[in-house]
Amino acid sequence: MITRSLGAILFMVAGTTLAAAWSIEPSDPGPFYAMDRQEISATPGDILRIEDFPSAPQGARAWRVLYASTGLKDEPIAVSGVIVAPEGAAPAGGRPVVAWAHGTTGVTSRCAPSLRSDFFKHVPAVQQFLERGYVVAASDYPGLGTPSPHPYLVGVSEARAVLDSVRAAAHVEGVGASSEFAVWGHSQGGHAALFTGQLAASYAPDLKLVGVAAAAPASDLAALLHDDLSSRAGKIFTGLAIWSWNKVFEAPLAPLLDPPAIAALDRIAADCMEGSIQGLVLLERETSIEDDFLKQDLTEVEPWKTILVENMPDSGNLGGPLFIAQGTADPIVLPRVTRAFAEAACRSGTPVRLHPGPGLDHMGILNESGAAVDWIVDRFAGLPPPSDCGDLPSLTASPG
């Protein structure tokens with residue numbers, strides 16, 4: 001049963017449908033992403049390397065960047081990403097920044113979103129933000145593009161990278177990015193967005209956060225771990241987390257897995273998620289990943305239990321007003337879990353706008369990105385944040 005429930009939560013953050021797709025032979029990142037530790041600036045947000053990014057949206061310029069950030073041991077690290085800005089001179093006071101936080105792409109360096117030629121198709125509402133004169137900063141997160149492993153679902157790691165992408169945007173010549181920003185993410189990126197709000201004041205006091213927007217975010221991991229959303233693909237995402245946490249935190253695999261399953265995880269971790277229906281190929285190939293491949297309950301055995309608890313976002317410390325979009329037909333992030341998180345945020349005094357997507361599933365909720373855009377526009381305009389806390393909308397799917 002633990003494999004079924006843990007598979008549910010890890011698949012939840014995948015940012016894809018149940019027919020997840022994988023690239024069996026992803027491309028290597030190349031020399032742009034490689035940098036000696038001694039060359040990395042100790043000032044988070046400094047640009048370490050920059051080049052033009054192809055296929056920028058109409059009326060915009062884009063750059064692939066390598067920028068300085070802070071690792072989990074407070075050491076200087078390099079993180080890659082993409083900065084895109086409207087063409088022309090910035091207005092007086094600079095351009096506000098929207099920090100995009102992406103969903104799961106994998107756990108190894110070859111899985112960086114910035115390696116994709118169709119990158120901008122995977123940034124919801126990017127054209128709308130650019131048309132309003134905003135800069136969009138999109139971090140790959142540590143270990144994607146740059147040397148792996150990627151600290152998968154590690155909130156501090158995600159948040160620092162996102163915050164430093166905003167700082168990096170201000171260092172790109174001609175962009176005119178201001179210190180004012182909003183964060184916007186989906187699925188795993190929703191988890192990153194919540195942690196970005198949580199860490200903004202302490203880690204980046206030079207920046208001004210106006211709001212946190214998340215679609216189908218990973219929130220209460222403990223509750224979601226007990227949802228019976230088993231799927232074959234869910235076992236793959238369970239494996240991604242176990243592989244990552246073993247590498248990042250040195251959490252032991254031996255009590256959890258037998259040797260064939262450990263070898264299978266290494267093969268799974270080498271692949272990347274794409275966007276079409278091909279994922280069952282990998283699942284069929286890895287016969288060692290069976291329903292009972294986990295021998296212990298991660299919610300009860302250390303250090304895995306502590307890792308999970310420490311990477312749950314704090315509903316009482318979100319750093320600013322909150323927008324959440326949630327599909328009522330989402331089988332991956334259950335609506336009741338998202339609503340419970342919204343209720344807890346309300347109790348802490350955070351203004352919460354909860355936007356239901358009637359009949360929409362995990363990916364379908366991104367069709368409602370316009371609501372997030374409008375909410376973010378109002379935050380940059382300085383309007384009082386709306387709140388549904390007096391009467392949170394239902395997230396129950398309508399019959400039929």
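**Group meeting talk: disulfides and aromatic rings**

Okay, let's start with the cysteines: counting the bonded ones along the chain, the disulfides of the protein chain pair up as 1-2, 3-4. Before I go on, please keep in mind that this is a predicted model.

As a reminder, a disulfide is a covalent bond between the sulfur atoms of two cysteines.

One of them joins Cys111 to Cys272, with 2.0 Å from S to S. Where do these two cysteines sit? Cys111 is in the loop between S5 and H2, while Cys272 is in strand S9, residues 272-273, so the bond ties together parts that are 161 residues apart in sequence. The torsion about that S-S bond is about -85°, so we call this disulfide left-handed. And both Cys111 and Cys272 are buried.

Now the other link, between Cys346 and Cys389, again with S to S at 2.0 Å. Buried or partly exposed: what is Cys389? It's partly exposed, because its relative accessible area is 29%, and the cut-off for buried is under 20%. Cys346 has 16% relative accessibility, so Cys346 counts as buried.

On to the rings. The structure holds nine aromatic pairs. I'll show you one, Phe53 with Phe119, which is edge-to-face, at 5.6 Å centre to centre and 65° between the planes. The pair brings together distant parts of the chain: Phe53 is in the loop between strand S2 (47-52) and strand S3 (60-70), and Phe119 is in the loop between strand S5 (95-101) and helix H2 (126-131), 66 residues apart. Phe53 is buried at 6% relative accessible area, and Phe119 is buried as well, at 5%. Ring pairs also bring in Phe120, giving a cluster of Phe53, Phe119 and Phe120.

Two arginines are worth a look on screen. Arg167 lies over the face of Tyr203, 5.2 Å from the ring centre. Arg379 does likewise with Trp375, at 5.1 Å from the ring centre.

Finally, let's zoom out. The protein chain has 11 helices and 11 strands. Of its 400 residues, 59% are buried. If you take the contacts with a separation of 6 or more, 80% of them are between residues 24 or more positions apart. The chain exposes about 15200 Å², and carbon and sulfur atoms supply 51% of that.

Definitions and conventions: Residues are numbered from 1 along each chain as its sequence is written. This is a predicted model: local features need pLDDT of at least 70, side-chain atom pairs count only at pLDDT 80 or more; totals for chains, interfaces and linings use all residues. Side-chain values use heavy atoms; hydrogens and water are left out. Rings of Phe, Tyr and Trp (its six-membered ring) pair if their centres lie within 6.5 Å; planes under 30 degrees apart count as stacked, over 60 as edge-to-face and the rest as tilted. Helices (H or I, at least four residues) and strands (E, at least two) are DSSP runs, numbered from the N terminus. Buried means under 20% relative accessible area, exposed over 50%, partly exposed in between (1.4 Å probe, protein chains only). A charge sits over a ring if NZ of Lys or CZ of Arg is within 6 Å of the ring centre and within 35 degrees of the ring normal. Contact means heavy atoms within 4.5 Å. Accessible areas come from the Shrake-Rupley method with a 1.4 Å probe; for residues, only the protein chains shown count as cover. A disulfide is a pair of cysteine sulfur atoms within 2.5 Å.
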